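Visitor: I have a structure open and would like to learn how to read it. Could you walk me through it, one feature at a time?

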Amino acid sequence: MQASEAKAIEVTDLTVAYQEQPVLWDVDLDVPPGVLLSIVGPNGAGKTTLIKAILGLVRPAAGNVLIYDKPYEAQRRMVGYVPQRGTVDWDFPTNVLDVVMMGRYGALGWMRRPGKQERELAMQALEKVGMEAYTTRQISQLSGGQQQRVFLARALVQDATVYLMDEPFQGVDATTERAIVTLLQELREKGKTVVVVHHDLQTVTDYFDWVMLLNIRRIASGPVAETFTPENLRTTYGGRVAFITK
Amino acid sequence: MIVAIGAALLGAVSGTLGTYAVLRRQSLLGDAISHAALPGIAIAFLLTGSKTPLILVLGAAVAGWLGTLFILSIVRLTRIKYDSALGIILSTFFGFGLVLHTLIQRTGNANQAGLDTFLFGQAATILESDVLTIGILGGIAIVIMLVFWKELKLLVFDEGFAASLGLPIRALDILLTSLLVIAIVLGLQAVGAVLMSAMLVAPAVAARQWTDKLSVMMLLAAGFGALAGVGGTIISSSASRIPTGPTIVLCATVVVGFSIVLAPNRGLLWNRLRYQRNKRNLKMLGGQLFQSEEQ
């Protein structure tokens, strides 16, 4: 056994159950620093739950999660989160810049209002996602892809080391998808670890270097070339997937 | 004059805190809290024999808070849905309150006259001491809300993200609900348990029509609430024996109706005009295209 460097994310024996049926069963996952990992699996496989369990948003029945060798509570500042776009009310009375600045609330702490510095960070993040022209736009007037980019910008201002993203490609057009992928790959080049819940099996090999196949249990995880095999996919999707390997 | 000041303060406080209730889609929680507060008033009176507003308000707050706690626990621990839990607690507490009030009336306690104003509200009974209670408690509630402004805003907009940042969302949720309870019990005497929720919902709904900014929405809601409070009080006190609660609520309804129809951007009239204009423009465009094809 080799003594490995610190893992960015280390999930051990994680089991989560909402009612009697387990949503995640005895899941292990090791994510090394600096990889771009996608979690794929059928509907109801527990992908979102896994992300939420890593973030401490759902309480596991058993198991353990470490971020760089420490529990999440101790490493919050290192983690950025992009929730599913549909989980918030986009008719909330606020604008784009304000939402992005929410990413600084954790670092700001109690009682302090966001100021000039937060505004500048938010502007930089909006430029990175190509939304700098929309700062004062009311959020209900954004398209799906624009909403997604606002959420990405909010995660960027968290200035995290590990990013967890729940379906950032859902309902976005091809151009936005490419822009997001480029952004994710830039994050990886900077040594960040990015974990993405993903649905489109066709693009896994193009976009990501690591993959985790999940269906309540972990089927496999590792570098795409070794892990993203027809056998593993059949196990994950129960043989219902007609997948053509390139 | 005292009465009008009291009603204005009340409208402002409930409008401000009602903004969050509306944005969280908890409009009906306010209704449940105000109904659930009724037995608290009766019990506070039975225990102390006093009609001091602070004591009755305290009783109302405890009962309203207990009711809310029951609703949230039912939703969390059983598979009963939110609206059913709301219905169960609202009617149970309210029924219990009515029983207690009838009992108090039967005892023939000369002191009891006035307790039933908590049902439909009677702003005329507002004294200087009540205005002081409303001003101080309402002021405290609003200051607390301002202190935790960004945390509460994030909680209401995106609870999951707030939790991931390490904000204690359970505690913030309890805090926000408690502030709502304060706003409600302060209004019981003037507006009454039956209609109090309208004082939370109506000003906020009207305010949302006019602005896309949370702070402006809250200020507007406070203003609309105060306006409805003063308007309702004046109308109800000019004619004898009109209960104030319904009058205030009707005033608030007028503001809501006006806002829904006339507000720019979100207003119905505005929508209609925009639709017509777009249709006309598209028709002209369509005609040109058609002509150019013919040529």
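**Strands and sheets in chain A**

Guide: Gladly! Let's begin with one pair of strands: strand β1 (residues 9-17) of chain A and β4(A) run antiparallel and are joined by five bridges. Please keep in mind that this is a predicted model.

Visitor: Which residue of β4(A) is the bridge partner of A:Val11?

Guide: Look for A:Val65; that is the residue in β4(A) bridged to A:Val11.

Visitor: What is the strand order of the open sheet that holds β1 and β4 of chain A?

Guide: Its three strands are ordered β2-β1-β4 (chain A), and the pairing is antiparallel. β2 (22-31) and β4 (62-67) of chain A each have a single partner strand, so they stand at the edges and one side of each has no neighbour in the sheet. On average, neighbouring strands here are turned by 15 degrees against each other, ignoring direction.

Visitor: Which helix lies across β1, β2 and β4 of chain A?

Guide: That is helix α1 (residues 47-54) of chain A, and its direction is at about 120 degrees to β1(A).

Visitor: How many strands does the open sheet with mixed pairing have, and in what order?

Guide: Six strands make up that open sheet of chain A, in the order β5-β6-β7-β3-β8-β9. At its edges you will find β5 (79-82) and β9 (217-223) of chain A, each pairing on one side only. Neighbouring strands in this sheet are turned against each other by 15 degrees on average, direction ignored.

Visitor: In which sense do β5(A) and β6(A) pair, parallel or antiparallel?

Guide: β5(A) pairs with strand β6 (residues 162-166) of chain A in the parallel sense, over four bridges. To see one of the contacts, go to A:Val82, whose bridge partner in β6(A) is A:Met165. A helix packs on this sheet too: α10 (residues 230-237) of chain A touches β3 (36-40), β8 (210-215) and β9 of chain A, with its direction at about 30 degrees to that of β8(A).

**Backbone angles**

Visitor: What should I look for in the backbone angles?

Guide: Most residues other than glycine have a negative phi. In this model A:Tyr68 has a positive phi, near 45 degrees, and A:Tyr68 sits in the loop between β4 and α2 (72-75) of chain A. A:Glu167 is not a glycine either, yet has a positive phi of about 50 degrees. You will find A:Glu167 in the loop between β6 and α7 (174-189) of chain A.

**Chain B and the interface**

Visitor: How many helices and how many strands does chain B have?

Guide: Chain B has 14 helices and zero strands. Its C-alpha trace spans about 95 × 50 × 35 Å along the principal axes.

Visitor: How do I describe the place where the two chains meet?

Guide: The size of an interface is often given as the accessible area lost when the parts come together. Here about 2,600 Å² is buried between chain B and chain A, and carbon and sulfur atoms give 62% of that area. In chain B, B:Lys150, B:Phe157 and B:Phe161 lose the most area to chain A, together 29% of what that side buries. Counted by residues, the contact takes 33 from chain A and 29 from chain B.

Visitor: How many salt bridges cross the interface of chain B and chain A?

Guide: Side chains of opposite charge can pair when their charged atoms come close. Across this interface there are five salt bridges, and the count over all chains is 12. In one pair, A:Asp91 and B:Arg208, the closest N and O atoms are 3.4 Å apart. A:Asp91 is in the loop between β5 and α3 (96-101) of chain A while B:Arg208 is in helix α11 (residues 196-210) of chain B, so this pair joins two chains. Another salt bridge links A:Asp98 with B:Lys153, with 2.6 Å between the closest N and O atoms.

Visitor: Which element gives the most residues to the side of chain B that touches chain A?

Guide: That is α8(B), with seven residues. By type, that side of chain B divides into 16 nonpolar, 10 charged and three polar residues.

Notes:
Residues are numbered from 1 along each chain as its sequence is written. Chains are lettered from A and ligands numbered from 1 in the order in which they are written. This is a predicted model: local features need pLDDT of at least 70, side-chain atom pairs count only at pLDDT 80 or more; totals for chains, interfaces and linings use all residues. Side-chain values use heavy atoms; hydrogens and water are left out. Two strands pair if DSSP finds at least two bridges between them. Axes are lines fitted to C-alpha atoms, for helices over the stretch in contact, and angles run from 0 to 180 degrees between N-to-C directions. Contact means heavy atoms within 4.5 Å. Buried area is the accessible area (1.4 Å probe) that two parts lose on being put together, summed over both. A salt bridge is a side-chain nitrogen of Lys or Arg within 4 Å of a carboxyl oxygen of Asp or Glu. Ala, Val, Leu, Ile, Met, Phe, Trp, Tyr, Cys and Pro count as nonpolar, Asp, Glu, Lys and Arg as charged, and the others, Gly among them, as polar.
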